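Please open the structure in your viewer and keep the sequence panel beside it. The tour goes from one selection to the next, with a short account of what is found at each stop.

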Amino acid sequence: MTHSLFISDLHLAPGRPATTDSFFGFLKGPAAQAEALYILGDLFEYWIGDDDLSDPFNASVAEALGALSRRGVAVNLMQGNRDVLMGDEFAGRCGGRLLADPAILDLYGKPTLVMHGDTLCTDDVEYMKWRAKARDPAFQARFLGQPIPERKRLIVGMRQKSEEHKQGQSPAIMDVAKPTVERILRDFNYPRLIHGHTHRPARHVHRIDGHDCERWVLTDWYGSGGYLRCDASGCTVTAL
Ligand code: MN
């Protein structure tokens, strides 16, 4: 049956070769059987700009996705909080396209909203402030104006700050805020919702104004990883 696959939060990095192997195996295996692949953010541990594609690791990921798209699978990419600078050049090298966040899909007749998921975590006020800064065009232009080695150094510092921030937060604050989820589901006319980011894989059902809205949270790939498969009859999770 025609179907699409959804993944997120792979956090690919040269230092985690087992995850990269698992991802490349997934691209040649289950993903090659699908009509479309959706990568809903944080494909990379960090992304310092599309001009870093000469890096052999980055080039190998783009090539693996390019091979999938040449097999006829539609490759759809979304920026996460870690690869917010992933742009059209990278998407082009993958033979794919960059989706807006959020994006509404007609998934085999079922309206489906896809997001990275960080915009749902509105209780984390400090993070939301940082997010606004990281997406500010002037801030991005200043960052991209630095030489690549300097950007790598800056990113390491930012990651450290982020880890320290997460240590000081309660798990509840870093999860999605239920009122925000419900507002978005209402705004988009009660779709199915698929997102990642929180690393809390689950299927939730939100009952809003008499509508039951499924919310699928994708797994991260720190362990062995996994994917969500959706067709006209619904969605199912497969662990790798
Ligand atoms: Mn994320």
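A residue is called buried when its relative accessible area is under 20%, exposed when over 50%, and partly exposed in between, with a 1.4 Å probe and protein chains only. The model is predicted, so local features need pLDDT of at least 70 and side-chain atom pairs count only at pLDDT 80 or more, while totals for chains, interfaces and linings use all residues. Residues are numbered from 1 along each chain as its sequence is written, and side-chain values use heavy atoms, with hydrogens and water left out.

Select Cys 230 and Cys 235, which are joined by a disulfide (a pair of cysteine sulfur atoms within 2.5 Å) with an S to S distance of 2.2 Å. The torsion about this S-S bond is about 105°, so the disulfide is right-handed. Cys 230 is buried at 0% relative accessible area, and Cys 235 is buried at 10%. Next, select Cys 213, which takes part in no disulfide and has the sulfur of Cys 235, its nearest cysteine sulfur, 13 Å away; Cys 213 is buried too, at 1%.

Now move to the manganese ion, where Asp 42 (OD), Asn 81 (OD1), His 116 (NE2) and His 197 (ND1) coordinate the metal at 2.1 to 2.2 Å. Donors here are N, O and S atoms within 2.8 Å of the metal (3.2 Å for Na, K and Ca), and because water is not among the atoms, sites may look incomplete. Finally, compare two of these residues by colouring them: Asp 42 is buried at 1%, whereas Asn 81 is partly exposed at 22%.
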